[in-house]
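Have the structure open as you read.

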Amino acid sequence: MKKTGVWAAAAVLALAWGSAQADVLADIQKKGEIVVGVLGTDEPNSFIDPKTRELVGYDVDLGKAVAQKIGVKPVFKQLTVAARIPELQQGHVDLLAASLTHTKEREAQLDFSITTFVTGQTVLVKKSSGINDVPDLAGKRVVTVKGGTQEPNTKKAVPTATVITFDTAPQAFQALQQGKGAAFVNDDKSVVRALVQLGDNGKDYKILPSNLSIEPLALGIKKGESGLKQAVDSTLRELEASGKAEALYEQWYGQKSPLKMPKRNFKFDS
């Protein structure tokens with residue numbers, strides 16, 4: 001009888017847990033808004049438009065599309081790279097649209113949408129540095145952003161490199177310019193953007209020919225929120241089917257954008 005009672009109690013708890021998880025999307029709809037965590041310092045994914053002082057970008061547009069699909073108002077909260085997952089786990093944000101790499105290790109911490117971008121992590125150095133490819137970083141100081149996959153990927157590729165991290169990518173990039181590091185590591189789109197920002201001084205820098213990694217990016221969802229994940233994935237698939245996903249890429253990354261990156265080589269479909 002005691003075992004039966006224990007099993008019955010466990011079954012009730014399991015049902016209660018499942019109901020609580022299933023209510024997350026309903027809670028968002030009830031409050032009429034979805035809080036989306038973004039970086040805000042990661043042009044062109046999420047950044048403050050200097051003219052309008054509004055938050056704009058590729059990730060911002062994805063967050064707006066999810067909000068529209070659910071029928072609520074999007075509210076954006078700026079986060080550091082290191083704070084992204086803790087803020088989601090603690091319920092301070094409902095969704096991450098923050099240049100988040102989908103890794104097997106992170107699947108134990110949160111759920112991911114289907115892929116929203118595919119990028120490679122690259123290295124930017126001064127031409128005068130004498131560094132010609134990734135192996136030349138051995139024994140050198142490398143600057144990057146804190147809390148992302150850049151640091152472990154750099155250490156994996158070049159174990160003897162000294163990695164120095166900063167709260168934001170712009171801070172790390174500035175450190176490179178100030179000579180505080182011999183190389184700057186970030187996603188290829190961010191490195192290209194950094195070169196664009198240098199203007200005429202960009203001629204003094206170069207991107208190394210070898211990538212540190214190829215990484216899929218995705219939106220982050222709190223673990224077990226199946227209803228929200230379904231809504232997010234449905235939104236992304238609709239953007240792909242309608243051609244809006246392609247248009248977003250062209251707007252923020254394509255040949256008409258400041259980055260002028262090559263044609264998109266991925267889709268919102270897996």
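The second largest cavity has a volume of about 50 Å³. This is a predicted model, in which local features need pLDDT of at least 70 and side-chain atom pairs count only at pLDDT 80 or more, while totals for chains, interfaces and linings use all residues. Residues are numbered from 1 along each chain as its sequence is written, and side-chain values use heavy atoms, with hydrogens and water left out.

**How confident is the model?** The protein chain averages a pLDDT of 90, and 91% of the residues score at least 70; pLDDT is the predictor's confidence in each residue, from 0 to 100. Over residues 1-22 the pLDDT stays under 50, and the model has three contacts there beyond four places in sequence, a contact meaning heavy atoms within 4.5 Å. Where pLDDT is low, the predicted coordinates should not be read in detail.

**How spaces are found.** On a 1 Å grid over the protein atoms alone, a cavity is a set of points where a 1.4 Å probe fits but cannot get out; a pocket is an open set with protein on both sides within 12 Å along at least five of seven lines, and lining residues have an atom within 4 Å of a point. Grid points are joined across faces, edges and corners, and a volume is the space filled by probe spheres set on the points. The count comes to two cavities of 30 Å³ or more.

| Space | Volume | Lining by class |
|---|---|---|
| Largest pocket | about 220 Å³ | six nonpolar, four polar, three charged |
| Largest cavity | about 180 Å³ | six nonpolar, ten polar, five charged |
| Second largest cavity | about 50 Å³ | eight nonpolar, three polar, one charged |

In these classes, Ala, Val, Leu, Ile, Met, Phe, Trp, Tyr, Cys and Pro count as nonpolar, Asp, Glu, Lys and Arg as charged, and the others, Gly among them, as polar.

**The second largest cavity.** Among its lining residues are Asn45, Tyr58, Asp59, Phe117 and Thr116. At least two lining residues come from each of α3 (58-70), β6, β7 (110-126) and β12 (213-222), with β6 giving the most, four residues. Helices (H or I, at least four residues) and strands (E, at least two) are DSSP runs, numbered from the N terminus.

Beyond four places in sequence, Thr116 touches residues including Tyr58, Leu62, Leu236, Phe266 and Phe268. The C-alpha atoms of Thr116 and Pro216 are separated by 7.5 Å, although the two are 100 residues apart along the chain.

**The largest cavity.** About 180 Å³ of space lies here. Of its 21 lining residues, Leu39, Val81, Ser99, Val145 and Gln150 are the closest to the centre. β2, β6 (95-101), α6 and β10 each give two or more residues to this lining.

**The largest pocket.** This pocket has a volume of about 220 Å³. Thirteen residues line the pocket, and Thr41, Glu43, Pro170, Arg193 and Gln197 are the closest to its centre. Two or more lining residues come from each of β2 (41-42), α6 (169-177), β10 (183-187) and α7 (188-198); α7 gives the most, with four.

**A sheet with β2.** Three strands form an open antiparallel sheet in the order β2-β3-β4; strands pair if DSSP finds at least two bridges between them. β2 and β4 (55-56) stand at the edges with a single partner strand each, so one side of each is left without a neighbour in the sheet.
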